[in-house]
Amino acid sequence: MIRNAAIMAGGQSRRFNSDKTLEVIGGHRLIEYPAMELGKWADRLVVVAKDCGKYSFLDLPCVQDEQEQQCPMIGILTALKHFGEEVFVVAADTPLVNSAHAEKLLAACKGHDAAVPVIYGKTHPLYACYAPSMIPVFEKQVAAGNFRLMDAFALSDVVYLDEGQTLASENEKISFININTKDDLTAAQDYLKGE
């Protein structure tokens, strides 16, 4: 069971040219997919966003980012302060998130600052687990104006899980696809139609 999970909905959708979290794919808005998957397993699930009003249709608690700066570090920091416990975070543009991965990452996070998957050489900090011990690291980075997650990781005790530790099969790598462009949306739509 997943105790705490947060969907990060604070992105600016620069490459998409519209708010991708509200795009309809397979009959649901993009953000509804991680909400539906994690909603089945998480004890406490929230959305973290700058504008909570536009996600009222989800019928989930929404936590407003505490700072104006729009970046993943601020969203994760907001989720950590909200829960005060380990939390699995996922980007709102990740429609095929797998709760089994969240459970593995949360288990790996015990006794560490974070557990982050590295799937076929690509690091996924917005599909990861963070512990409250990351709060002072993030706050120090924010105060210095450095919002790069990888720089914060270099100062922390982060466990990295490769595909062998994260995936039960090669097919599960689809879970790490996120939607950045209209072409990505079309590809995901085709996959969801084939399910």
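**Close-up views of a predicted model**

**View 1. Strand S9 and its partner strands.** Phe88 stands opposite Cys129 in strand S9. The model shown here and in the following views is predicted. Strand S6, which comprises residues 87-91, pairs with S9 in the antiparallel sense over four bridges. Strand S7 (residues 114-119) also pairs with S9 in the antiparallel sense, over two bridges.

**View 2. An aromatic cluster.** Phe88, Tyr127 and Phe176 form one aromatic cluster. In the model, the count of aromatic pairs comes to four.

**View 3. Charged side chains over aromatic rings.** Arg29 lies over the face of Phe57, at 4.1 Å from the ring centre. A second example involves Lys173, whose charged end sits over the ring of Tyr120, 5.7 Å from its centre.

**View 4. The disulfide of Cys52 and Cys62.** The count of disulfides comes to one, and Cys52 and Cys62 form this link with their sulfur atoms 2.2 Å apart. The pair links distant parts of the chain, with the two cysteines ten residues apart. Cys52 lies in the loop between strand S4 (42-49) and strand S5 (62-64), whereas Cys62 lies in strand S5 itself. The angle about the S-S bond is -80°, and the link is left-handed. Cys62 counts as partly exposed because its relative accessibility is 27%, a value that falls between the limits of 20% for buried and 50% for exposed. Cys109, by contrast, is buried, with a relative accessible area of 0%.

View 5. Helix H1 spans residues 32-39, and six of its eight residues are buried, so the helix is largely enclosed by the rest of the structure. The buried residues are Glu32, Tyr33, Pro34, Ala35, Glu37 and Leu38.

**View 6. Ser156 in a loop.** Ser156 lies in the loop between helix H5 (149-154) and strand S10 (158-162). Is this serine buried or exposed? Ser156 counts as buried because its relative accessibility is 17%, and the limit for a buried residue is under 20%. Leaving aside neighbours within four places in sequence, Ser156 is in contact with Asp113, Met134 and Val137.

Note on methods. Residues numbered from 1 in each chain as written. Predicted model: local features only at pLDDT ≥ 70, side-chain atom pairs only at ≥ 80, totals over all residues. Heavy atoms only, no water. Buried < 20%, exposed > 50% of the residue type's maximum accessible area, 1.4 Å probe, protein only. Contact = heavy atoms within 4.5 Å. Pairing = 2+ DSSP bridges. Phe/Tyr/Trp six-rings, centres within 6.5 Å; stacked < 30°, edge-to-face > 60°. Lys NZ or Arg CZ within 6 Å of the ring centre and 35° of its normal. Disulfide = S-S within 2.5 Å.
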